[in-house]
Amino acid sequence: MTHLGYLIAGWGISLVVIFAYVISLFRRARSVAPRVPLDRQRWMTSSE
Amino acid sequence: MSTRKIFKRNQGATSSPKSRLLGLATLFGLVTLFVFAFFLTDPDVRLHPTTGEEIGQFDAVRLLYLHVPMAIIGPYVAPLVGAVASVGYLIKRTQWWDVTAHAAIEVGAIFCGLVLLTGSIWGRPVWNTWWEWGDVRLMTTLILFLMLLGYLALRRVAPDGQKQARRSAIVAIVAAINLPIINRSVEWWESRTLHQKSTLSELKIEDLTFFTLMMGIVVFLMLFTWLVLHRFRLGWLEKESLEQDVLTSIEERRSEATVNEEGTL
């Protein structure tokens, strides 16, 4: 395979950045959620 | 804390059964896209008509399946959703619209940054340059990226509340003016860009390449939706938390006042 370094850099950086963002979202949500009553978290009280 | 624990404990924060289903479908889509992009599609190799020499992008073309889907979401879909939600906020003045705009623009800024980065990485083997200051599409995308960062900065520095939401909404709408300019830049300034005109609309690419590219666009749209959904719920939690803090403070002041009154009596 040619240009392997460019492919690893392009795909690798993108996936790592997105994954890191997901982790940061989850961590922030986990720290804020306990301060909010369950009845104010609409997706937790919906009929899903 | 391990990643597994973070995912598991998030089940009670911003996840719901439907969002988990979307997340799993997106993950499956990303893995499938990766298999198609790296193992099933062919590299771009053509023969020079006169010399017979092999020319083309070779395996560098596999960046197409990443860069183009992100280039549709980062500089187009996300700012558009942000601008529409901002207009919605200016009309309705409800938190739902404000939090939606913030979520779309934050996720859009990440995709927009990645578009510039992957474009630069792709440009080095294909155009023999990391960056071209004279390229109008690059410059207009960079301007949009800076505007999205400006929006996010404004949300941090401005005082919280309606004033912050109103100012941010205006910035989001102004940023959206850039979208048609980015889109038409390769037509309007044809001689001042390394980017080619649209090959998607004229079906100038092979079947499997086209299929993989379409799959990439769908998968990244799913990823965008999933990220915005979680970012929206986080934003909602933050607003609710702030309100809860205010209510708690008021309650504390009231009970302090009651105690003081009883003490005086």
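This is a predicted model: local features need pLDDT of at least 70, side-chain atom pairs count only at pLDDT 80 or more; totals for chains, interfaces and linings use all residues.
**Entry 1**

I looked up helix α5 of chain B, residues 136–157, against helix α7 of chain B, residues 178–188. Their axes come within 8 Å and cross at roughly 165 degrees. Anything over 145 counts as roughly antiparallel, so I put α5(B) down as roughly antiparallel to α7(B). The crossing of α5(B) and α7(B) is left-handed.

Who makes the contact between them? From α5(B) I listed Val136(B), Arg137(B), Thr140(B), Thr141(B), Ile143(B), Leu144(B) and Met147(B). From α7(B) I got Asn178(B), Ile181(B), Ile182(B), Ser185(B) and Val186(B). Sorted by class, the residues of the contact of α5(B) with α7(B) come out as seven nonpolar, four polar and one charged.

Next I took α5(B) against helix α6 of chain B, residues 162–176. These two pack at an angle of about 175 degrees, and their axes are 9 Å apart. That makes α5(B) roughly antiparallel to α6(B) as well.

On the α5(B) side, the contact with α6(B) uses Leu144(B), Met147(B), Leu148(B), Gly150(B), Tyr151(B), Leu154(B) and Arg155(B). On the α6(B) side I wrote down Gln164(B), Arg167(B), Ser168(B), Val171(B), Ala172(B) and Ala175(B).

Helix α3 of chain B covers residues 64–92, and helix α4 of chain B covers residues 95–127. I found them packed at an angle of about 160 degrees with their axes 7 Å apart. By that angle, α3(B) and α4(B) are roughly antiparallel to each other. I noted a left-handed crossing where α3(B) passes α4(B). The residues in the contact of α3(B) with α4(B) divide into 20 nonpolar, nine polar and two charged.

I then stopped at Arg93(B), which sits in the loop between α3 and α4 of chain B. Its phi is positive, about 60 degrees, although Arg93(B) is not a glycine.

**Entry 1: the hairpin in chain B**

Strand β1 of chain B, residues 44–47, pairs with strand β2 of chain B, residues 54–58, in the antiparallel sense over three bridges. I checked partners: Asp44(B) is bridged to Phe58(B) in β2(B), while Arg46(B) stands opposite Ile55(B) in β2(B). Six residues lie between the strands of this hairpin, and Gly52(B) takes a positive phi near 80 degrees. As a reminder to myself, side chains in a regular strand alternate between the two faces of the sheet.

Phe58(B) got its own note. Phe58(B) lies in strand β2 of chain B, yet it has a positive phi of about 55 degrees although it is not a glycine. With 16 other C-beta atoms within 10 Å, Phe58(B) is partly exposed.

**Entry 2: Phe211(B)**

I found Phe211(B) in helix α8 of chain B, residues 207–264. I count 14 C-beta neighbours inside 10 Å, so Phe211(B) goes down as partly exposed.

Chain A has two helices and zero strands. Of its 48 residues, 25% count as buried.

For the interface, I get 27 residues of chain A in contact with 34 residues of chain B. Which element of chain A gives the most to that side? Helix α1 of chain A, residues 4–32, does, with 17 residues. By class, the side of chain A that touches chain B has 16 nonpolar, five polar and six charged residues.

Key:
Residues are numbered from 1 along each chain as its sequence is written. Chains are lettered from A and ligands numbered from 1 in the order in which they are written. Two strands pair if DSSP finds at least two bridges between them. Helices (H or I, at least four residues) and strands (E, at least two) are DSSP runs, numbered from the N terminus. Two residues are in contact if their C-beta atoms, placed from the backbone, lie within 7 Å. Ala, Val, Leu, Ile, Met, Phe, Trp, Tyr, Cys and Pro count as nonpolar, Asp, Glu, Lys and Arg as charged, and the others, Gly among them, as polar. Axes are lines fitted to C-alpha atoms, for helices over the stretch in contact, and angles run from 0 to 180 degrees between N-to-C directions. Angles under 35 degrees count as roughly parallel, over 145 as roughly antiparallel, 65 to 115 as roughly perpendicular and the rest as oblique. A crossing is left-handed if the near helix is turned anticlockwise from the far one by less than a right angle, and right-handed if clockwise. A residue is buried if 20 or more other C-beta atoms lie within 10 Å of its own, exposed if 12 or fewer, and partly exposed in between; C-beta atoms are placed from the backbone.
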